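This briefing is for a reader new to the structure.

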Amino acid sequence: MVLVVGCRGGGSGEARVVVPRGASLRVAVDSLKKAGVIQNATLFRLYASLRHSDRSIRAGTYVFKRGVSWGDVLADLEGGKGLEHSITIPEGWALSQIAPQLARVLNAPLDSVQAAVRDTALLHALDIPTATLEGYLFPDTYVFPEGTTPRQAVNVMVARFQKVWQPEWNQQLQKQAMSRNDVMALAAIVEKEARRPEERPVIAAVYLNRLKTGMRLQADPTVQYALGQHVARVLYKHLEIDSPYNTYRYAGLPPGPIASPGRPAMIAALYPANVPYRFFVAYPDGHHEFTTRFAQHSVAVKSARREWDSVTALRRDTLRVVPTNVLPGGVAAAAAAAPAPKVVVAAKKPVAKKPVAKKVAPVKPTTRKRAS
């Protein structure tokens, strides 16, 4: 009689409960009780045992309504009803990274995700001239209920982008004589290039200044995107790839974004800094040196290269195996424990470039010193 009376939870509202992978019924029941979904853990375990449901629960994050019957709780745990799946899309991820993760989280075929990001109705609604929604799946953390389809998930992510995009930004587009797709293309490059938040508007200004003066953007991240794979360094041979996304060969902005930029990068592209710079080079600490003239840029590149060489030498020394019978124990231990220096994305490292003396007129970008 006691068991029958206790077969319903108390309270109202909803509760989120996490059932870890491989968790026993006892662990799951403790979580249910802590969340207020059930009142008596001992009786619930007995109830589940009598129902032969103590070994068939599914792991995951659930949303339960408080006050539901124990039978409903067990049915949800066994069938995955109410189960949620979470995915975090970092800023700067491309579709090639997002699609497989979304397929994994939704337990859906990758082909279905790839079809969803080519939805012609969405492309038309957003006025996107490219073949996919690259750049328009807004980077954020999403929680999808069990059974969510790739198309539904993509719609949610696009809706998030549309919510982030502010109406007043459309007026700024007119001032800059750019389309929204242009701004998103620029924002994606800024997202890939910037390591320090305060530099985003300056980097955006550099690229816009290049466009205004007829220079090609020569943005390394666009070459990486054109290659379709990450390379440790962008070399001269990579600059030869024939793709409209290769901004060393083709003038202007790429056809569309090369990744999903975050809100700060979008704002930087819309409201760039008022600076005259046309060049920048990355330093090992993550900052960039900005210059207006190529002669200044040449000096900055030499300085940056010296620092990069120092970092490379330091890392080589740090990682070198030193016999403990050569150094005193304390020194050997310190050498072994020394952390490797933090290095920014290799594509921004100027070591792949030859000395700036090879820089020539903008009409032959593939023979020029890379500007960024």
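Strand S3 and strand S4 (residues 141–145) run antiparallel and are joined by five bridges. Strands pair here if DSSP finds at least two bridges between them, and helices (H or I, at least four residues) and strands (E, at least two) are DSSP runs numbered from the N terminus. The model is predicted, so local features need pLDDT of at least 70 and side-chain atom pairs count only at pLDDT 80 or more, while totals for chains, interfaces and linings use all residues. Residues are numbered from 1 along each chain as its sequence is written, and side-chain values use heavy atoms, with hydrogens and water left out.

**Strands**
- Across from Glu-84 in S3 stands Thr-61.

**Second largest pocket**
- The volume of the second largest pocket is about 380 Å³.
- Among its 16 lining residues, Arg-21, Ala-59, Gly-60, His-85 and Val-105 are the closest to the centre.
- S2, S3 and helix H5 (95–106) are the elements that each give two or more residues to this lining.
- S3 supplies the largest share, four residues.
- The lining of the second largest pocket comprises four nonpolar, seven polar and five charged residues.
- In these classes, Ala, Val, Leu, Ile, Met, Phe, Trp, Tyr, Cys and Pro count as nonpolar, Asp, Glu, Lys and Arg as charged, and the others, Gly among them, as polar.
- A pocket is an open set of points on a 1 Å grid over the protein atoms alone, where a 1.4 Å probe fits, with protein on both sides within 12 Å along at least five of seven lines; lining residues have an atom within 4 Å of a point.
- Grid points are joined across faces, edges and corners, and the volume is the space filled by probe spheres set on the points.

**Nonpolar cores**
- The largest nonpolar core has 59 residues, of which Leu-102, Leu-133, Leu-137, Val-154, Trp-165 and Met-266 touch the most other members.
- A core is a set of buried Ala, Val, Leu, Ile, Met, Phe, Trp, Tyr and Cys residues joined through side-chain atoms within 4.5 Å.
- Buried means under 20% relative accessible area, exposed over 50%, and partly exposed in between (1.4 Å probe, protein chains only).
- Beyond four places in sequence, Leu-137 is in contact (heavy atoms within 4.5 Å) with Leu-95, Ile-98, Val-117, Val-154, Met-157, Val-158 and Ser-260.
- Another core, of 23 residues, lies apart from the largest one and includes Leu-43, Ala-48, Ile-57 and Trp-70.

**Positive phi**
- Most residues other than glycine have a negative phi.
- Asp-127, not a glycine, has a positive phi near 60° and lies in the loop between helix H7 (120–125) and S4.
- Asp-127 counts as exposed because its relative accessibility is 62%.
- Gln-218 has a positive phi of about 50° and is found in the loop between helix H11 (200–212) and helix H12 (220–227).
- Gln-218 counts as buried because its relative accessibility is 0%.

**Helix H13**
- Ala-265, Met-266, Ala-268, Ala-269 and Leu-270 are buried in helix H13 (residues 263–270).
- Helix H8 (150–164), helix H9 (168–176), helix H10 (180–193) and H11 are among what covers these buried residues.
- Pro-264 is also in H13 and is partly exposed, with a relative accessible area of 36%.
- Leaving aside residues up to four places away in sequence, Pro-264 touches Glu-91 and Arg-200.
- The C-alpha atoms of Pro-264 and Glu-198 are separated by 9.8 Å, and the two residues are 66 residues apart along the chain.
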